[in-house]
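This report walks through a two-chain structure. Please have the sequence and the model open beside it.

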Amino acid sequence: MDALLLLIASTVSTGLLLGAIFALVAAGVTIVYGCIWLPNASNGQFFVLSGLVAWGLTSSYGFNSFTACLIVLAASILLSLVFESLLFRRLYNVPDRNISYFVITLGLTQVMSGVFSMTFSKWSDQFSLPPLIQGVTMIGPFPMTNNRILVLAIAYTSLAILFLLLRYHPIGRAIRAVFQNREAALLRGVNVHSIYKISFVLGSTIIYLGGLLYALAYSFDLSIAWTMSITAFAIMIVGGPGSVLGALVIGLIFGFTQAIVSNFTSPTVATFSYLFAMLLILLIKPNGLFLK
Amino acid sequence: MKIKLQHVLMLVALLALPFFTQEDRFLGFILGVTLLSVFWATGMNILYGFVGLMPLMFAAISGIAAYALLYFIAQWHIDFWQALPLATLFASLIGVLLGLPSIRLKGFYFTLCSLIIQSTITLAFIFFPTFTNGDTGINQISPPLWMGEPIKGFIFECILSVLAVTGIVLAYFIYNSQLGQRFIAIREDDVLAESLGISVFLNRVIAFFIVSLYAAIGGCFYATYIGFISPRSFDVLSSLNIWLFVAFGGKATIAGPVIGALLLAPLPFLLQSLDAYKDILSGVLIVLITLLMPGGIYGAYLAWRNSKK
């Protein structure tokens, strides 16, 4: 009986954590898609990149996890600006740009995974960050590391901040206006191109943040990148492209699915189920569950 | 339909290529792989260039055909030439069945759907090792027999060049036929095409079937020519590579995919020292082609020639 309770508790905590990370990454992808029409197929590589760089900073240069994560986040904003101005800005005015963007980011995936396999995979094959804080807390009868509780708190706080930002801040409202109707937003005085830039930086930074949180909570290898790309796309399509609420809800559901499935069989079965869910939604209700 | 001299010359040159590499086995092997790429790229161009759908599940269909071929040969004790049509038909029907629901989608959503199907099939290849031997792959595949003799080396390359030329000629006839014109009408404006009485659905299914035939035949010859297949031979990257041949050469033309495959397919072999950079190189090419030269090399040449007139 106790073993069963423990199993349920660990499943719930894993589900909450994975769900929040999935929701963050998928929200990043869906904001960028809803705004710029940029389906970022390389989100998994972005996700892994932040964890890898933070790993390099902590293991080779002796930074603690907190400083390393802050450095990575600051660098990620710069990197997103570089990507935006070098690659993505060029196609802002092309009508059918989503397929071009999709191909470009697939190429980017290939470049980044090639770079990773030439560098990081030669140095190690499992990566993880040292915990942010030490110690274990008992929640009722269940032990949980303080580090994981903190990661959980950061993840849900970031989700809440993101939601409030999109709901109430003028920039968030402008982003949502562009989601709904570019021309009308333009007529109401929204600078559409600068909103494109802001939303790309915002979305990418959330993806990098998700990667950092994952690296803090679990150890990972390079194969997570492609799985994450597929998962984030599945969440975006099932939730509805451009719907942040959909990304949150479906992200949590997928996180719990993965946590439950992992108790019985390989997580690949969960990946299969995401693929099927995405296929079904694409064929039956291409707008997703959360868009009108 | 007029047949231009340069087209005929190109085909004759393709047919003559194996004779130049007859002495050197290494060059011969590169040529064999390149000719297969020419065949595959020509096939993908029918769907990508003419109908305007980007099928990233192309390699998966090749894989299904290759595994089915080996299974039929081992199970029913038939030879390559009997198993080839069976495996081809089987894989093409599977391809059409898988593609059937996604055919209503277009643009990005079709591509995403085909990417999902490709990923699912790659995962299935790895996780159902009964037919595929899992990640280890199947090696020492025996070459096809002809008059009791195994076909190897020079003769096989001659067969592949005939295959490539047949594929190109077929694509040329499709391009110039009413069918090809319907494909192009659908690519340009599917609503208008539908209102003119062209069944978008039916024509896309036909295109899908033709392309699956190309993929499947190529897959069967690939397995027996290389002698080794694994799920990695037929993953997303292979599909993207074939797409890159088409896009680099120039989509929606007959010569474009041929030029693209001839230029790009031998690169990883010729630049052995660059092998580690192969993925990075093709990724960079994908980005640059999409950003700067959407028409590909041949498209850029045609634009330049038209601007001179």
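What follows covers the basis of the model, each chain, the interface and a few single residues.

## Basis of the model

This is a predicted model: local features need pLDDT of at least 70, side-chain atom pairs count only at pLDDT 80 or more, and totals for chains, interfaces and linings use all residues. Residues are numbered from 1 along each chain as its sequence is written, while chains are lettered from A and ligands numbered from 1 in the order in which they are written.

The predictor gives the complex an ipTM of 0.86 and a pTM of 0.88. For chain B, the mean pLDDT is 87. In that chain, 98% of residues reach 70 or more. The pLDDT score is the predictor's confidence in each residue, from 0 to 100. Where pLDDT is low, the predicted coordinates should not be read in detail.

## Chain A

Chain A has twelve helices and two strands. Helices (H or I, at least four residues) and strands (E, at least two) are DSSP runs, numbered from the N terminus. The order along the sequence is α-α-α-α-α-β-β-α-α-α-α-α-α-α. The radius of gyration is 19 Å, close to the 19 Å that the globule rule gives for 292 residues, so chain A is as compact as a globular protein of that length. That radius is taken over C-alpha atoms, and the globule rule is 2.2 Å times the number of residues to the power 0.38.

The C-alpha atoms of chain A fill a box of roughly 60 × 45 × 35 Å along the principal axes. Of its 292 residues, 48% are buried. A residue is buried if 20 or more other C-beta atoms lie within 10 Å of its own, exposed if 12 or fewer, and partly exposed in between, with C-beta atoms placed from the backbone. Take the contacts in chain A with a separation of 6 or more: residues 24 or more positions apart account for 77% of them. Two residues are in contact if their C-beta atoms, placed from the backbone, lie within 7 Å.

## A helix pair in chain A

How do α1(A) and α7(A) meet, and at what angle do their axes cross? The axes come within 7 Å and cross at roughly 60°. That makes α1(A) oblique to α7(A). Axes are lines fitted to C-alpha atoms, for helices over the stretch in contact, and angles run from 0 to 180 degrees between N-to-C directions. Angles under 35 degrees count as roughly parallel, over 145 as roughly antiparallel, 65 to 115 as roughly perpendicular and the rest as oblique.

From α1(A), the contact uses Ile31(A), Gly34(A) and Cys35(A). From α7(A), it uses Ile175(A), Val178(A) and Phe179(A). Five of these residues are nonpolar, one is polar and none is charged. Ala, Val, Leu, Ile, Met, Phe, Trp, Tyr, Cys and Pro count as nonpolar, Asp, Glu, Lys and Arg as charged, and the others, Gly among them, as polar.

Val29(A) sits in helix α1 (residues 2-36) of chain A. Val29(A) is buried, with 28 other C-beta atoms within 10 Å. Beyond residues up to four places away in sequence, Val29(A) touches Asn40(A), Asn43(A), Gly203(A), Ala232(A) and Met236(A).

Trp37(A) lies in the loop between α1 and α2 (43-61) of chain A. Its phi is positive, about 70°, although Trp37(A) is not a glycine. Trp37(A) counts as buried, with 23 C-beta neighbours inside 10 Å.

## Chain B

Chain B has 15 helices and four strands. Its radius of gyration is 19 Å, close to the 19 Å that the globule rule gives for 309 residues, so chain B is as compact as a globular protein of that length. The C-alpha trace spans about 55 × 45 × 40 Å along its principal axes. Buried residues make up 47% of the 309.

Ala252(B) is in the loop between α11 and α12 (255-264) of chain B. Phi of Ala252(B) is near 65°, a positive value in a residue other than glycine. Ala252(B) is buried, with 22 other C-beta atoms within 10 Å.

## The interface

The contact takes 30 residues from chain A and 26 residues from chain B. On the chain B side, α5 (107-127), α11 (236-249) and α14 (278-292) each give two or more residues. The largest share, eleven residues, comes from α5(B). The chain B side divides into 18 nonpolar residues, seven polar and one charged.
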